[in-house]
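Here are some questions to work through with the model open beside you. Shall we begin?

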Amino acid sequence: MSNISSVSEFLLLAFADTRELQLLHFALFLGIYLAALLGNGLILSAVACHHRLHTPMYFFLLNLALLDLGCISTTLPKAMANALWDTRAISYQGCAAQVLFFVFFFGSEFFLLTVMAYDRYVAICQPLHYGSLLGSRACGQMAAAAWGSGFLNAVLHTANTFSLPFCQGNAVDQFFCEIAQILKLSCSDAYLREVGALVFSFSLAFGCFVFIVLSYVQIFRAVLQMPSEQGRHKAFSTCLPHLAMVSLFLSTSTFAYLKPASISSPSLDLVVSLLYSVVPPALNPLIYSMRNQELKVAVRKLFLYVLLKHQC
């Protein structure tokens with residue numbers, strides 16, 4: 001047990017061994033990070049500044065953009081710094097903070113996507129009750145519940161994980177502090193407590209998934225019964241981006257945690273972790289703006305306003 005107290009830092013997985021590839025990875029991650037900042041920042045600014053977007057759907061989209069920014073900012077800057085300065089180290093406190101914030105933002109995002117499915121269900125299946133069921137107070141409460149649930153979930157997992165003794169070294173086989181990889185360093189049967197917490201979280205996530213699926217079954221049934229082709233097109237244009245985000249979020253995270261052990265390898269784990277932790281926050285703004293004319297108009301007006309203000 002003498003090694004337990006000596007764990008003052010962890011060593012993250014390096015993307016490359018040669019200096020040239022490290023700098024290439026830094027440039028690639030910097031481009032992805034700046035694209036995520038720009039895309040989500042534009043959504044935040046457009047929704048906040050454009051009065052026509054002050055609706056429940058865009059209020060939840062604003063919250064999603066905030067969570068995406070938080071999620072990608074938790075992992076990528078440290079990975080970029082390590083690649084730039086040719087180091088792998090992260091402090092014990094820094095690793096705990098990374099776990100806390102990543103699980104917080106990641107969990108809150110899934111809860112929020114569930115709330116957004118409910119928003120689309122009410123808008124399409126119960127349009128006459130939309131104003132009463134999704135008023136400003138109800139929207140605020142649902143968003144707060146998503147953020148609060150994510151935070152409580154993160155505190156539970158962080159406290160369980162970092163209360164364990166570590167005596168299997170300090171090398172984490174991941175580019176950020178991931179709970180599954182940290183548990184491998186534990187030398188105590190107490191890790192089963194965190195495994196139990198993970199099972200509980202996955203059960204909760206599965207319940208949210210079932211709710212989303214049932215919501216969209218009702219949505220598609222209602223849309224296909226619409227007599228107007230224009231009405232069907234408008235309904236699909238508001239639902240498909242959310243469905244695409246849910247699919248991207250679930251497919252990458254599910255494969256990351258449920259892939260067969262027989263195909264698992266450090267390089268594959270690294271690629272998969274990038275897919276679920278980096279790709280969704282970077283692609284969500286693009287996915288949501290592709291078919292959303294109101295958002296496109298708001299972003300164009302925002303660009304024109306900034307351009308004219310700069311010229312003046």
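Q: In which loop does Phe15 lie?
A: Helices (H or I, at least four residues) and strands (E, at least two) are DSSP runs, numbered from the N terminus. Residues are numbered from 1 along each chain as its sequence is written, and this is a predicted model in which local features need pLDDT of at least 70, side-chain atom pairs count only at pLDDT 80 or more, and totals for chains, interfaces and linings use all residues. Side-chain values use heavy atoms, with hydrogens and water left out. Phe15 sits in the loop between β1 (9-11) and α1.

Q: Which residues does Phe15 touch, not counting those up to four places away in sequence?
A: Contact here means heavy atoms within 4.5 Å. By that rule, the partners of Phe15 are His25, Phe29, Ala79, Phe175, Leu270 and Leu274.

Q: What distance separates the C-alpha atoms of Phe15 and Leu268?
A: Along the chain, Phe15 and Leu268 are 253 residues apart. In the model, their C-alpha atoms are separated by 12 Å.

Q: Which element gives the largest share of the lining of the largest cavity?
A: A cavity is a set of points, on a 1 Å grid over the protein atoms alone, where a 1.4 Å probe fits but cannot get out, and lining residues have an atom within 4 Å of a point. The largest cavity holds about 110 Å³, a volume being the space filled by probe spheres set on the points, which are joined across faces, edges and corners. Of its 13 lining residues, the closest to the centre are Leu13, Ala14, Phe15, Asn82 and Ala83. The largest share, three residues, comes from α2.

Q: Where does α8 bend?
A: The bend at a residue is the angle between axes fitted to the seven residues ending there and the seven starting there. For α8 the angle is about 30°, and Pro241 follows within four residues of the site. That site is Cys239.

Q: Which helix has the lowest mean pLDDT among the elements?
A: pLDDT is the predictor's confidence in each residue, from 0 to 100. The protein averages 86, and 95% of the residues score at least 70. Helix α5 (residues 136-161) has the highest mean, 95, and the lowest, 77, belongs to α11 (residues 293-311).

Notes
1 Å grid on protein atoms, 1.4 Å probe; cavity = no way out; pocket = protein on both sides within 12 Å on 5 of 7 lines; lining within 4 Å.
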